[in-house]
Structures are given as structure tokens and as C-alpha cells.
Amino acid sequence: MTPGTPLAAGLPGAGLLAAGRKSAEVTDWAARIGWLVGLALFVALVWWLMREGWKWRATLQGDLPALPGAPEEPGPARLTMSGRYHGSTTAGQWLDRIVAHGLGTRSRAGLTLTDAGLDVVRPGAAGFFVPVAALRGARLDKGIAGKVLTEGGLLVVTWAHGDRLIDSGFRSDRAAEHTEWVATLNEMINKTEGAR
């Protein structure tokens, strides 16, 4: 190799390398757009099927009576809590979500426990009231309606409505409150059952 000769020119097969080079292929936009449209249609179909399934579940649960409203004078509050409502399920079946009457909608919630019962106020969703006679139990749990939290991170209240037992899950903004809620609710339930 002489000085000034390009390095590639002195290598064997360098001419073949140079001849094998070609420009990058032009993107086939029609194929890409077709794939994107197909993907968008698939996502829309899956969303529509999920929506129809939700509506069908509400239809199947149509025998569930309307939720009671809070009484005019519920009495003084024994406990209050602000946090999240994570949904309701058939009691003992944490994945069998109840969607009728808006019970399947997760939302912020404010709970007030009085001698009359449990008042659940949900901004942006329908609230409901559980009379003290309908309360069946309270416990700490870790999951409900497909939502899993840490062990004991969920307050689950079991109550009767119509001919069903329902578990409703709540998480306080201050999780340390859960223990007091379980104790107070179970005490109220035992007194009510003893009075029957």
C-alpha cells in the first residue's frame, strides 16, 4: 500500500463491499397504516366486548333490589373514614363482582357509621346506606373484586341485601383506622343479633 491510497482500496474484497452497498428501502406507509388501523379496530373490539360483558353482568344481577338511602336522622357519628371504595362482590367470592346499581364502580368514598347503620357517600357515583340490621360482619382482608393490596390493607364489610350476602371493600386514607372499624362494626352486629 502506498501512502495516500485509501485503506479500503488495499483490502481484498473491498470492491465487492462497495458494490454491495445500496440505499435504505423506502418505508411502505400503506402497510404500516393498514397495521395501525387493524390494531385500532382490534382494541375497539376488545373494549366493546368488555363493555357488553359488564352490561350483561348488570342484567343478570337485575334481581338485586334498589339500594336503600340514608335516613333523615341517622344519629351521631360513631366513626368516620375517608378513602376508596374498591367494589362489592358476592360474599366469600372475591372475584364475583356485583355491578348492579353502581356497586361495581370504584371511587373515592366517605364512610359514616351511626347507630342506624353505615352510610357510604361516593362523589361521582351512587352512594348507599347499609342499615345496622343488614350488617353481617367486618374483617381485614387483602383483596376484593380483582384488587389486591397488602395483607390487612382492606376493610371488608359483609351485609345482606335482598336475598344476597354482599362483601364491600374499603381502604382508608389512614390504614391504621381499619382495626377500630372492624372491632366497632362487629360489636354493633353482635348487639343487634343479641337483640333479635
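User: What percentage of the 196 residues of the protein chain count as buried?

Analyst: The model is predicted. A residue is taken as buried when its relative accessible area is under 20%. Among the 196 residues of the protein chain, the share that counts as buried is 32%.

User: How much of the accessible surface of the protein chain belongs to carbon and sulfur atoms?

Analyst: The accessible surface of the chain totals about 12,000 Å². The part of that surface belonging to carbon and sulfur atoms is 62%.

User: In which order do the elements of the protein chain run from the N terminus on?

Analyst: The chain holds 3 helices and 9 strands. Read from the N terminus on, the order is α-α-β-β-β-β-β-β-β-β-β-α.

User: Which strands are the edge strands of the open sheet of 7 strands?

Analyst: The sheet has antiparallel pairing and the order S4-S3-S2-S1-S9-S8-S5. An edge strand pairs on one side only. That applies to strand S4 (128-131) and strand S5 (135-141).

User: Which residue in S3 is the bridge partner of glycine 110?

Analyst: Strands S2 (residues 107-114) and S3 (residues 117-121) run antiparallel and are joined by 5 bridges. On the S3 side, glycine 110 has as its bridge partner valine 121.

User: What share of the contacts with a separation of 6 or more comes from residues 24 or more positions apart?

Analyst: Contact here requires heavy atoms within 4.5 Å. Of the contacts in the protein chain with a separation of 6 or more, residues 24 or more positions apart account for 61%.

Technical notes
Residues numbered from 1 in each chain as written. Predicted model: local features only at pLDDT ≥ 70, side-chain atom pairs only at ≥ 80, totals over all residues. Heavy atoms only, no water. Pairing = 2+ DSSP bridges. Helix = DSSP H or I, 4+ residues; strand = E, 2+ residues; numbered from the N terminus. Buried < 20%, exposed > 50% of the residue type's maximum accessible area, 1.4 Å probe, protein only. Areas by Shrake-Rupley, 256 points an atom, 1.4 Å probe, with all protein chains shown as cover.
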